[in-house]
Amino acid sequence: MTRFLDKAYSARDAASTRRLYDDWAASYEAEVGENGYATPARCAAALKAQVDDLTAPILDFGCGTGLSGLALKLAGFSTIDGVDLSPEMLDGARSKQVYRNLDQIDADAALPRTSYTAIAAIGVIGAGAAPISVLHTLMRALPKGGKLVFSFNDHALQDPLNESGIAEWTDCGAAHLLFREHGAHLPGINLNSTVYVLEKA
């Protein structure tokens, strides 16, 4: 079943993206689950290996129905806040009971809270989802030494602007790339992703 996955990777504006994810919310977990959604657990494990305090608050940016927050919780993170564009997706996240706070945000809006030493943006940036400017917003929100874990699926990797966004931070020494690994994303449709962890210098 790929009724919504077939639509998810087409570029659209923020309002259309919110409508797609609102409509998808009820069947999202079944659809990605059937296709072996692997990236949340990969991101959670990558971040866990790079942080010292699993009790420090972490932001799950673009949390969707909470699969990413659940993966973070299972990895040992205990204080998780989530934000997302879609109120319908947030209803799913709320039902997971793994979040301390959940907030709906608008595209390009400021983060409701900014006191995070770690942020996750799992499956968030790419075609049909958030633009690469989100990477810069999240990196600017981190303190020195803060960590950002995120992923680009194969569709996102086809756009050179996305990895160029990483280079804007690493080439000048404003951030260090701690982790980069290409692997399974949605094996059911033969789609992979690269997981990254950046540390703000």
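I began with the pairing of strand 5 (residues 147-153) and strand 7 (residues 191-200), which is antiparallel and runs over seven bridges. The model I am reading is a predicted one.

I looked up individual partners along this pair. Lysine 147 has glutamate 199 of strand 7 opposite. Phenylalanine 150 has tyrosine 196 in strand 7 as its bridge partner.

Next I checked the helices over this part of the sheet. Helix 3 (residues 39-48) packs on the sheet and touches strand 1 (58-61), strand 4 (118-121), strand 5, strand 6 and strand 7. I noted about 25° between the direction of helix 3 and that of strand 7. Helix 8 (residues 160-170) also packs on the sheet, with strand 5, strand 6 and strand 7 as its contacts. For helix 8 the angle with the direction of strand 7 is about 15°.

Is strand 5 covered on one face or on both? I found both faces covered. Lys147, Val149, Ser151 and Asn153 are buried on one side, and Leu148, Phe150 and Phe152 are buried on the other.

I then turned to strand 4, which pairs with strand 5 in the parallel sense over four bridges. Here alanine 120 stands opposite valine 149 of strand 5. From strand 4 the chain passes through helix 6 (residues 133-141) to strand 5, and I logged this β-α-β crossover as right-handed.

Seven strands form an open, mixed sheet in the order 3-2-1-4-5-7-6. The twist averages 15° from one strand to the next.

Methods: Residues numbered from 1 in each chain as written. Predicted model: local features only at pLDDT ≥ 70, side-chain atom pairs only at ≥ 80, totals over all residues. Heavy atoms only, no water. Pairing = 2+ DSSP bridges. Helix = DSSP H or I, 4+ residues; strand = E, 2+ residues; numbered from the N terminus. Axes fitted to C-alpha atoms, helices over the stretch in contact; angles between N-to-C directions. Contact = heavy atoms within 4.5 Å. Buried < 20%, exposed > 50% of the residue type's maximum accessible area, 1.4 Å probe, protein only. Right-handed = clockwise from strand over helix to strand, strands pointing away.
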